[in-house]
Amino acid sequence: MGQADEGSLGHLGALWNAGVRLRCPACGRGALFEQWISARDTCAACGQALRMGNGDFTGGVYLNYGITGLLGFLLFLQLEHAGYSEGQEIAVLIAFVTLLPLVTYRHTRAVFLAMLYRAGSLHHATP
Ligand SMILES: [Zn+2]
């Protein structure tokens, strides 16, 4: 199933399947990752190329930075409002900005992969 197929999932469906379910943005069935961070080159269910071009992985990293920065700032405001000491705030924020990117890495990478899929920028694996 290609991007232009009548039965494609649409942009929101592709984002949902990839970003939340970690499934192929084209069919919604094949897993994007073989293991924790080992991404597949093609979808096992539909054969859609899932390999990003050189440097495309940075899109997911930037997305991850943005989410971490935004949520970290909101957490900072909440900690300030709750009256925590500066030391407590720093400890919580360091833990947050260290752990959140690790937890969300696969999801932000998958969202960017879905964006590349919708843009027609995914490449087939080379032998
Ligand atoms: Zn697929």
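This is a predicted model: local features need pLDDT of at least 70, side-chain atom pairs count only at pLDDT 80 or more; totals for chains, interfaces and linings use all residues.
Author: A helix is here a DSSP run of H or I with at least four residues, a strand is a run of E with at least two, and both are numbered from the N terminus.

Reader: In what order do the elements of the chain run from the N terminus on?

Author: The order is α-α-α, with α1 covering residues 10-20, α2 covering residues 57-82 and α3 covering residues 86-119.

Reader: What makes α1 and α3 parallel or antiparallel to each other?

Author: Their axes lie 8 Å apart and the helices pack at an angle of about 150°. Angles over 145 degrees count as roughly antiparallel, and therefore α1 and α3 are given that description. The crossing of these two helices is right-handed.

Reader: Which residues of α1 and α3 meet?

Author: From α1 come His11, Ala14, Leu15, Ala18 and Gly19, which meet His107, Ala110, Val111, Leu113, Ala114, Tyr117 and Arg118 of α3. Sorted by class, this contact has eight nonpolar, three polar and one charged residues.

Reader: How do the axes of α2 and α3 come together?

Author: The axes of α2 and α3 come within 8 Å and cross at roughly 145°, in a crossing that is right-handed. By class, the contact of α2 with α3 has 16 nonpolar, seven polar and two charged residues.

Reader: Why does Leu22 count as partly exposed?

Author: A residue is buried with 20 or more other C-beta atoms within 10 Å of its own, and exposed with 12 or fewer. Leu22 has 16 such neighbours and therefore counts as partly exposed.

Reader: Where does Leu22 lie, and which residues does Leu22 touch, not counting those up to four places away in sequence?

Author: Leu22 lies in the loop between α1 and α2. With that exclusion in place, Leu22 touches Ala31, Leu32, Phe33, Arg106 and Ala110. Leu22 and Thr108 are 86 residues apart in sequence, while their C-alpha atoms are 9.9 Å apart in space.

Reader: How much of the chain is made up of buried residues, and what share of the contacts between residues at least 6 apart in sequence join residues at least 24 apart?

Author: Buried residues make up 21% of the 127 residues in the chain. Among contacts between residues at least 6 apart in sequence, 54% join residues at least 24 apart.

Definitions and conventions: Residues are numbered from 1 along each chain as its sequence is written. Axes are lines fitted to C-alpha atoms, for helices over the stretch in contact, and angles run from 0 to 180 degrees between N-to-C directions. A crossing is left-handed if the near helix is turned anticlockwise from the far one by less than a right angle, and right-handed if clockwise. Ala, Val, Leu, Ile, Met, Phe, Trp, Tyr, Cys and Pro count as nonpolar, Asp, Glu, Lys and Arg as charged, and the others, Gly among them, as polar. Two residues are in contact if their C-beta atoms, placed from the backbone, lie within 7 Å. Angles under 35 degrees count as roughly parallel, over 145 as roughly antiparallel, 65 to 115 as roughly perpendicular and the rest as oblique.
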